[in-house]
Amino acid sequence: MASSSSFLVLAALLALVSWQATASDPSPLQDFCVADMNSPVRVNGFVCKNPMEVNADDFFKAANLDKPSMPNKVGSNVTLINVMQIAGLNTLGISIARIDYAPLGQNPPHTHPRATEILTVLEGTLYVGFVTSNQPAPNKNKFFSKVLNKGDVFVFPVGLIHFQFNPNPHQPAVAIAALSSQNPGAITIANAVFGSDPPISDDVLAKAFQVEKNTIDYLQAQFWENNHY
């Protein structure tokens, strides 16, 4: 009987440890931990503001997410609301974004290193997809894609390269995305590879992409637009 009890306790502890290991953000240990942006203390996230000084404005932002944003060179604009805009999101493991797409605009291939994303189309049509990691065949770099219409929902797993594209040459599109981190981060692949500061050696990139160095030099000379605001 004692052995059985010990086994159950061990199993419970292992479950708790594994759950914490797979969680995107640390779970809160109190009702809220409003970020104190002025604290000199540096932690993974932000230290808590004195709860006696917290008010409703710490959980609020007049974000105007009902209004379209002007798309840029790539034809899209991402308006992200994370812990930097709403301090009350600290430790809550969630953020939201509105994405506006011009006709034929796209949210280029990118990743969120700290978050899974669930996307809902509010207006228009989107062609979306993601690519799996360098795992063993047959799933190595497998591409999953779907055409979404108004009201459709699609999930992009944490850390995987994904994109959205508006295939309509005449009508814009709008989507809302929820992300499983207070600060999901975004790495746009082309920007990171060809627009880094300082630049990655063209010898390295020419070898990696199996192209001539002058092709890499041309790409590095371009202005790589940031569509995340």
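Contact, as I use the word here, means heavy atoms within 4.5 Å.

**Ground rules.** I am working with a predicted model, where local features need pLDDT of at least 70 and side-chain atom pairs count only at pLDDT 80 or more, while totals for chains, interfaces and linings use all residues. Residues are numbered from 1 along each chain as its sequence is written, and side-chain values use heavy atoms, with hydrogens and water left out.

**Entry one: Asn227.** I started with Asn227, in the segment after helix H4 (213–220); helices (H or I, at least four residues) and strands (E, at least two) are DSSP runs, numbered from the N terminus. Is Asn227 buried or exposed? I found it buried, at 2% relative accessible area. Buried means under 20%, exposed over 50%, and partly exposed in between (1.4 Å probe, protein chains only).

Next I looked up its partners. Setting aside neighbours within four places in sequence, Asn227 is in contact with Asn72, Val74, Ser76, Asn77, Val78, Gln106, Asn107 and Pro108. With Ser76 I noted a polar contact between the two side chains, at 2.7 Å. For that term, N or O atoms must lie within 3.5 Å; within protein, one must be able to donate a hydrogen and the other to accept it, and residues adjacent in sequence count only if both atoms are side-chain atoms.

How many disulfides does the structure hold? I counted one, taking a disulfide as a pair of cysteine sulfur atoms within 2.5 Å. Cys33 and Cys48 form the pair, with 1.9 Å from S to S. Both cysteines sit in the loop between helix H1 (2–22) and strand S1 (76–81), 15 residues apart. The link is left-handed, with -105° about the S-S bond. I see that Cys33 is buried at 3%, whereas Cys48 is partly exposed at 39%.
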